[in-house]
Amino acid sequence: MNRDTILNITIFGALVATALLAHVAGQGFTVTLATKAAIFALAGVGLNLVLGYGGLVSFGHAAFFGIGGYVTGIFASHAAAGTPVLTLPFTVMGSTDMLGIWPVAMAAAGLAALAIGALSLRTSGVYFIMVTLAFAQMLYYFAISWPRYGGEDGLSFYTRNNFPGLNPFSPLHYFAICATLLGLALIFTAVVTQSRFGLALQAARQNSQRTVAVGIRPYAIRLTAFVLSGMIVGLAGALYADLNRFVSPAMLSWHMSGEIMVFVILGGVGRLCGPVAGAAIFILLEHLLGGISDYWQALLGLLLLGIVLFAPGGVLGLLSRRGRHV
């Protein structure tokens, strides 16, 4: 194992150990904080696939996060009411089964990513950023004006969906679900980025003209990565909605897109467990500083500024460099 692999395992292991120790100490709230960190890290892993490895600065990934959340909320609320989600062209009933909801959430987010990416990727640079932001804001305002599912007040569904063999209402059990999915997403990202596809994606980030010269179409590679990224973020949104038993247009707002990007930048852009470290730091700062001041995000801004200026590789990049000097 190289230092980066050891560091990645340590970061992920620290998150799991935090939840286990908190459970043993009877601190269910801390387990829930670890669960929230795992969910945000999963969203960051999705964004990191296109931002870190593809060089695509998307400011609209909240769209996929919110879509995953709304799919979960809609299916759960219809299951509670005993009414169908759709009647045409065929009847689709509500569900409280996580294993049934997750594929739908990922598919819906993936289809949205396909449509948004197909148009957005025809641009580049700041235009790409603004187009992705515009699409996310369109969905945000659509959710606000959708009274059937709560409009701007959001949608509560009062129950957590079911998972075979586990009690999702148990903080440790739900953390286990989220941490397992995060681990699978990290393994998937590691495999993909080391595959021919991943190498082509990174080549397109470094020099798209040369990739065209060797017969690789950057547009198709980037679009595929964008769709995969959207599906991972959609799954994170579904988990987040289940955690809170509530979904609202805030999950679709540009603030959420910014937060997901902060997780990646804090931990390290293009580093496998960078989003895990970034999400954990964000949740820790929110918990510790949020009770001190309502303006705790100003301190987060200073930290982010310091990372960008003095540690462009994020926290993992800083730790990795220190390890090499030991």
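Which residue forms a salt bridge with Asp-4, and how far apart are the closest N and O atoms? The legends below, written for a predicted model, begin with that pair.

**View 1. A salt bridge joins Arg-271 and Asp-4.** The partner of Asp-4 is Arg-271, and the closest N and O atoms of the two residues are 3.8 Å apart. Because Arg-271 lies in the loop between helix H10 (254-267) and helix H11 (274-290), while Asp-4 belongs to helix H1 (residues 3-24), the pair ties together parts that are 267 residues apart in sequence. Arg-271 is partly exposed, with a relative accessible area of 25%, and Asp-4 is likewise partly exposed, with a value of 27%.

**View 2. A salt bridge joins Lys-36 and Glu-286.** The count of salt bridges comes to 2, and in the pair shown here the closest N and O atoms are 3.4 Å apart. Lys-36 is part of helix H2 and Glu-286 is part of helix H11, so this pair ties together parts that are 250 residues apart in sequence. Glu-286 has a relative accessibility of 28% and therefore counts as partly exposed.

**View 3. Gly-44 is a buried residue of helix H2 (residues 28-51).** The relative accessibility of Gly-44 is 0%, and because buried means under 20%, Gly-44 falls into that class. Although Gly-44 and Ile-265 are 221 residues apart in sequence, they are 9.4 Å apart in space, taken from C-alpha to C-alpha. When neighbours within four places in sequence are left aside, Gly-44 is in contact with Ile-260, Val-264 and Pro-275.

**View 4. Phe-64 belongs to the largest nonpolar core.** This core has 98 residues, of which Phe-64, Phe-65 and Leu-182 touch the most other members. Leaving aside neighbours within four places in sequence, the residues in contact with Phe-64 include Ala-109, Ala-112, Ala-113 and Ile-116, and also Phe-226, Gly-230, Val-233 and Gly-234.

**View 5. Thr-132 sits in helix H5 (residues 125-144) and is buried.** Its relative accessible area is 2%. Beyond the neighbours within four places in sequence, Thr-132 is in contact with Ser-58, Phe-59, Gly-60, Ser-120 and Phe-226; Phe-226 is also among the residues in contact with Phe-64.

**View 6. Helix H9 is mostly covered, and Arg-245 comes just after it.** H9 has 27 residues and reaches 39 Å from its first C-alpha to its last, close to the 39 Å expected at 1.5 Å a residue. Of these 27 residues, 20 are buried. Arg-245 is found in the loop between helix H9 (218-244) and strand E4 (246-247), and it has a positive phi of about 55 degrees although it is not a glycine. Most residues other than glycine have a negative phi. At 30% relative accessibility, Arg-245 counts as partly exposed.

**View 7. Tyr-158 has a positive phi in a loop.** The phi of Tyr-158, a residue other than glycine, is near 60 degrees, and its place is in the loop between strand E3 (155-156) and helix H6 (171-194). With a relative accessibility of 70%, Tyr-158 counts as exposed.

**View 8. A nonpolar patch on the surface includes Leu-309.** The patch is formed by Leu-299, Leu-302, Leu-305, Leu-309 and Phe-310, which together have about 570 Å² of accessible area. Leu-309 lies in helix H12 (residues 296-310). Its relative accessibility is 54%, and because exposed means over 50%, Leu-309 counts as exposed.

Definitions and conventions. Residues are numbered from 1 along each chain as its sequence is written. This is a predicted model: local features need pLDDT of at least 70, side-chain atom pairs count only at pLDDT 80 or more; totals for chains, interfaces and linings use all residues. Side-chain values use heavy atoms; hydrogens and water are left out. Patches are made of residues with over 30% relative accessible area and no salt bridge: like charges are joined within 9 Å, nonpolar side chains (Val, Leu, Ile, Met, Phe, Trp, Tyr) within 5 Å. Accessible areas come from the Shrake-Rupley method with a 1.4 Å probe; for residues, only the protein chains shown count as cover. A salt bridge is a side-chain nitrogen of Lys or Arg within 4 Å of a carboxyl oxygen of Asp or Glu. Helices (H or I, at least four residues) and strands (E, at least two) are DSSP runs, numbered from the N terminus. Buried means under 20% relative accessible area, exposed over 50%, partly exposed in between (1.4 Å probe, protein chains only). A nonpolar core is a set of buried Ala, Val, Leu, Ile, Met, Phe, Trp, Tyr and Cys residues joined through side-chain atoms within 4.5 Å. Contact means heavy atoms within 4.5 Å. The expected span of a helix is 1.5 Å times one less than its number of residues.
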